[in-house]
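Colleague: Hi! Could you walk me through the charged pairs in this one?

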Amino acid sequence: MTLSPEGLKNKIAAGFTASAPHYDHHAALQQRAAHSLLNRLNEIKTQIPDGPVLEIGCGTGAVSKKLATLLADRHLTLIDLAPGMIAANRATMAPLIASNPLRVEWQICDAETIDTRHHYALIISCLTLQWFHDLPGSLHRLCSALLPGGILLCSYLGEQSFPEWRQAANTLGLHCTANPLPNTQQIQTSLRLLGQQNSLREEMLQISYPTVHDFFRSLKNTGTNTPTNSYSLTRGQMARLINGWQEQSRHSVTVTYQINTLMVQT
């Protein structure tokens, strides 16, 4: 049965909430992506106008805790779809903002429905855009929530991610059930139609896992295994994929991720 957009969002939120207690132990990809995003932020921080900061998909706080020190004079609004992630983020941030707790606020909400009457000098997000139901419309909404000269800085998984998974499934005559990922050309076209200039950086990251099973377990343990497509494998087909891919890899398995960092300045 196909879920409604709202039903799918609820399922995504539940998956991330369930993963929150052990998320940081399995989030090698997310931590490396956060590091890359923060390096880019450090490069452009002098271009950010005065004003508050919004982080979308704040998770357990890999980016949030750096924002608290890198932009120490800013008011931070941290939002996430998953209540469990907000709880974990609060715990991460507590010691960093003990002297000024009012400079940070948290909201459990959907970034695709943010109130554009509030305006921000910076909107930042790490690996969240690929979960959006209406990406072009949401980018328009986010840009509308920027102050003049404000910056939207977001990283997302690109469609060239998981080539090893795709090849293993193809070799075995099985569907690759990886979720569909944003098409960068379509994103840039949408932004140009909105009159927004943008720049993009692409990085290919490789993460090694002891076994194929460990790779799939990492998806579950970071809440990123919620399917957004209509493809699924039976238990037997999944076992064939894991065993076949493992035979091809022989030892540890390497998975390639395309991390795209998008910057828009109004």
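This is a predicted model: local features need pLDDT of at least 70, side-chain atom pairs count only at pLDDT 80 or more; totals for chains, interfaces and linings use all residues.

Colleague: How many salt bridges does a search of the whole structure find?

Modeller: The search gives 7 salt bridges. One of them joins Glu112 and Lys9, with the closest N and O atoms 2.6 Å apart.

Colleague: Where do Glu112 and Lys9 sit in the chain?

Modeller: In distant parts of it, 103 residues apart. Lys9 belongs to helix H1 (residues 5-19), while Glu112 is in the loop between strand E3 (104-108) and strand E4 (120-126).

Colleague: And are Glu112 and Lys9 buried or exposed?

Modeller: Both Glu112 and Lys9 are buried. They also belong to a network of salt bridges that includes Asp110.

Colleague: Switching topic, what about Glu43 and Arg40?

Modeller: Their side chains form a salt bridge at 3.1 Å, N to O. The two are 3 residues apart in helix H3 (residues 28-44), so about one helical turn separates them.

Colleague: How accessible are Glu43 and Arg40?

Modeller: Glu43 is partly exposed at 43% relative accessible area, whereas Arg40 is buried at 15%.

Colleague: Which residue does Asp214 pair with?

Modeller: Asp214 makes a salt bridge with Arg217, and their closest N and O atoms are 2.4 Å apart. Both lie in helix H9 (residues 212-221), 3 residues or about one turn apart.

Colleague: Why does Asp214 count as partly exposed?

Modeller: Because its relative accessibility is 21%, and buried means under 20%. Arg217 is partly exposed too, at 36%.

Notes
Residues are numbered from 1 along each chain as its sequence is written. Side-chain values use heavy atoms; hydrogens and water are left out. A salt bridge is a side-chain nitrogen of Lys or Arg within 4 Å of a carboxyl oxygen of Asp or Glu. Helices (H or I, at least four residues) and strands (E, at least two) are DSSP runs, numbered from the N terminus. Buried means under 20% relative accessible area, exposed over 50%, partly exposed in between (1.4 Å probe, protein chains only).
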